[in-house]
Amino acid sequence: MPLHIPIITLTTDFGYRGPLAGIMKGVILGINPEARIIDLTHEIGQYNVREAALTIGMSYMQFPKQTIHVVITDPGVGSRRKPVLVRTENHYFVGPDNGVFSMVYSGHEQCRVIHLTVEHYFLSSRSTTFDGRDVFAPVAAHLANGVPLSAVGASINDPLRLAIPRPQQTPHGWQGEVIHIDHFGSLSSNIRLEHLGHPAQVKVRVRGRTIDGMVQTFGERPPGTLVALYGSTGNLIVSVVNGSAAELLKAKIGDRVEVFVAE
Amino acid sequence: MPLHIPIITLTTDFGYRGPLAGIMKGVILGINPEARIIDLTHEIGQYNVREAALTIGMSYMQFPKQTIHVVITDPGVGSRRKPVLVRTENHYFVGPDNGVFSMVYSGHEQCRVIHLTVEHYFLSSRSTTFDGRDVFAPVAAHLANGVPLSAVGASINDPLRLAIPRPQQTPHGWQGEVIHIDHFGSLSSNIRLEHLGHPAQVKVRVRGRTIDGMVQTFGERPPGTLVALYGSTGNLIVSVVNGSAAELLKAKIGDRVEVFVAE
Amino acid sequence: MPLHIPIITLTTDFGYRGPLAGIMKGVILGINPEARIIDLTHEIGQYNVREAALTIGMSYMQFPKQTIHVVITDPGVGSRRKPVLVRTENHYFVGPDNGVFSMVYSGHEQCRVIHLTVEHYFLSSRSTTFDGRDVFAPVAAHLANGVPLSAVGASINDPLRLAIPRPQQTPHGWQGEVIHIDHFGSLSSNIRLEHLGHPAQVKVRVRGRTIDGMVQTFGERPPGTLVALYGSTGNLIVSVVNGSAAELLKAKIGDRVEVFVAE
């Protein structure tokens, strides 16, 4: 049965300068003209599988059930890395088996992972350098058309998972790291609401600076102030009100974030 | 009654690198899968309310009637600034009450402005940092579904208006300023066709350079020439044919533009 | 008869910062709300007609039949250059007659080229600086509505063609040039699969470096290796595995690419 509202998101490192993302959309619409295609971003760092994994991991749950997410950062295109389809309770994912779905796996007890092998659902003239066009876009569109999972390949049990850093509990609180820096220069850590909760007294330390307490919104402090708060995805973030924490702190992905909770 | 052709435009400072704009689209399509979503731009300068106000002010009238425009440059997200819906004769606008709709207000004698307070039309898990996802996207989508204005909140009379610079008549013509610099380096002034008309003889002065007469099209002068003309929105613009006036003149937003009209 | 699945692609030099591309989409949807609009790219180099010609030339055949491609790099907007519609066997193209369709013409024995003159299909308030909004977007949307070619203008026989460089056969193989550099820094040459085929032994020379043999996929060589292969469009490309050939070789558009084939 076709999906009632086929939504397909695209997350790639193709950039906006060239026609690659647009070509994928043409392929999708040629197979399923009803598909609603959403660019999550095409500015994943080139060949940066980890950034793609984190970006889709922070975003997919914000989409309606049955959304199909195509994620492509694919330095191994054309090699033996498998093209896969991942099925969670509410979402579908299509992309290379190179770790881009690591956060999806870690968020679910059970995922079904299917090795895409049935060439009937690929473009007939498959190249060796552009599986986005030749494999992932058409499979996503066929899925949206209602093609069943069993038709596109067989399940596998050992998909590739990146070692995504998890925060550690310490005697005094939590220790994590910066996993994402957004357009506004806010630093997202991997310490989340479900780890830390809402302690009465808390200090957050990053790049040698200590922030006393967390705020609920940026507006509680004057512009230029360094603040810690929960971001819209539930991650602990460090921001500068109306400014850039990344710039102020010269912070980068992987920097340590420590939280000290008072008894 | 649902809108026959729901078109929703997005104007934000979220950039294209991250998933924020895409997430808003997922929320919209989850509520109204028929919506046609158009990116006006996501490259408004960060926290630059004035630039957002000018961008939507130059653009909205180019869209079909009943288009819903979501405009978000929202440094005060989570604070006491109100989320609002603005209704003009032909368009709807959704965003923060921080001045982003100043040009909309100044273009209409009467606007209805509604403070969005009915949480039934927000996402159920509203965060404190992303009203684009939690408030503005869902309200826009519900509007597109035909939810009446009276259901989403009550009218207010005192929306925030920025002091948008207006051109002044002088003994010799008009004095205005550069309000926008486009991708091609053309300088848009706030002096418009309805101010100046088509005088037989005119000089335009900006950054110490005087341009003799206005042209109708770029093609009337050789590449590299500095010209003045009416742009596609009816504003007086200063351009370099096949080049960049911003670069040639080292011009910036706010630079004075003077027009001298001969009797 | 309206097209069953109207797909309209946009290729422009308007950039993503401003509202120009979005405004064109509003005009299209106002005339044909069913149109699926795809951004091929809005980052063509400013006024760079040749880059636009090459971009659409490499891309259009990847789209479903009956797709309408709007291509706008238009330094002569408002001048005497003609607005045109091009009809090939499977696609439509709309844009200025300034060479942007040169690759389309060279790929087809017969194209029908129509000078767009019937103002009924333009916006009623045509400006002199934005034919994208006033002419090309509305004509594309009317085409998608099923307006016949004969209604929009009369055929012409002398559309403008750029001298697109073609590769030359040499005593030892082929000589061509770099015609495109993609987001990953891969260099596309104008030497194509149908020129060169799959010779048993081949050397590729560019910027003083000689590459011994061609690979089928990036994965055949370790990261950092300079390789030659056929790209997804059938052009011979030079890449660095997981890196940037453009950066490594300091290459630019127009650089010579030589291929030596052993007997």
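**Entry 1: polar contacts, chain A with chain B**

I began with the interface of chain A and chain B, where eleven residue pairs are in polar contact, both partners at pLDDT 80 or more. I note here that the model is predicted. I then looked up which elements of chain A give two or more residues to the side that touches chain B, and found β2 (36-41), α2 (49-59) and β13 (226-230). Of these, β2(A) gives the most, with five residues. I sorted the residues on this side of chain A by kind and got 13 nonpolar, 13 polar and four charged.

I looked up how many residues take part: 30 from chain A and 31 from chain B. Between the two chains about 2,500 Å² is buried, and carbon and sulfur atoms give 59% of that area. On the chain A side, I find that R36(A), H183(A) and F184(A) lose the most area to chain B, together 26% of what that side buries.

I also checked for salt bridges across this interface and noted two. I wrote down the one that joins the side chains of R17(B) and E51(A), at 3.7 Å from N to O.

**Entry 2: chain A with chain C**

I turned to the other partner of interest. Here the contact draws 31 residues from chain A and 30 residues from chain C. The buried area comes to about 2,600 Å², with 59% from carbon and sulfur atoms.

How many salt bridges lie between chain A and chain C? I count two. In one of them R17(A) meets E51(C) through their side chains, at 3.7 Å from N to O.

I asked which element of chain A gives the most to the side that touches chain C. Helix α1 (residues 20-31) of chain A does, with eight residues. This side of chain A divides into 13 nonpolar, eleven polar and seven charged residues.

**Entry 3: two helices inside chain C**

Last, I looked within chain C. Helix α1 (residues 20-31) packs against helix α4 (residues 131-144) at an angle of about 40°, and their axes are 8 Å apart. I recorded the crossing of α1(C) and α4(C) as right-handed.

From α1(C), I list I23(C), M24(C), V27(C), I28(C) and I31(C) in the contact. From α4(C), I list G132(C), R133(C), A137(C), P138(C), A141(C) and H142(C). By kind, the residues of this helix contact are eight nonpolar, two polar and one charged.

Methods. Residues numbered from 1 in each chain as written. Chains lettered and ligands numbered in written order. Predicted model: local features only at pLDDT ≥ 70, side-chain atom pairs only at ≥ 80, totals over all residues. Heavy atoms only, no water. Contact = heavy atoms within 4.5 Å. Buried area = accessible area lost by both parts, 1.4 Å probe. Salt bridge = Lys/Arg side-chain N within 4 Å of Asp/Glu carboxyl O. Polar contact = N/O pair within 3.5 Å; in protein donor to acceptor, adjacent residues only side chain to side chain. Helix = DSSP H or I, 4+ residues; strand = E, 2+ residues; numbered from the N terminus. Nonpolar A, V, L, I, M, F, W, Y, C, P; charged D, E, K, R; others polar. Axes fitted to C-alpha atoms, helices over the stretch in contact; angles between N-to-C directions. Left-handed = near helix turned anticlockwise from the far one by under 90°.
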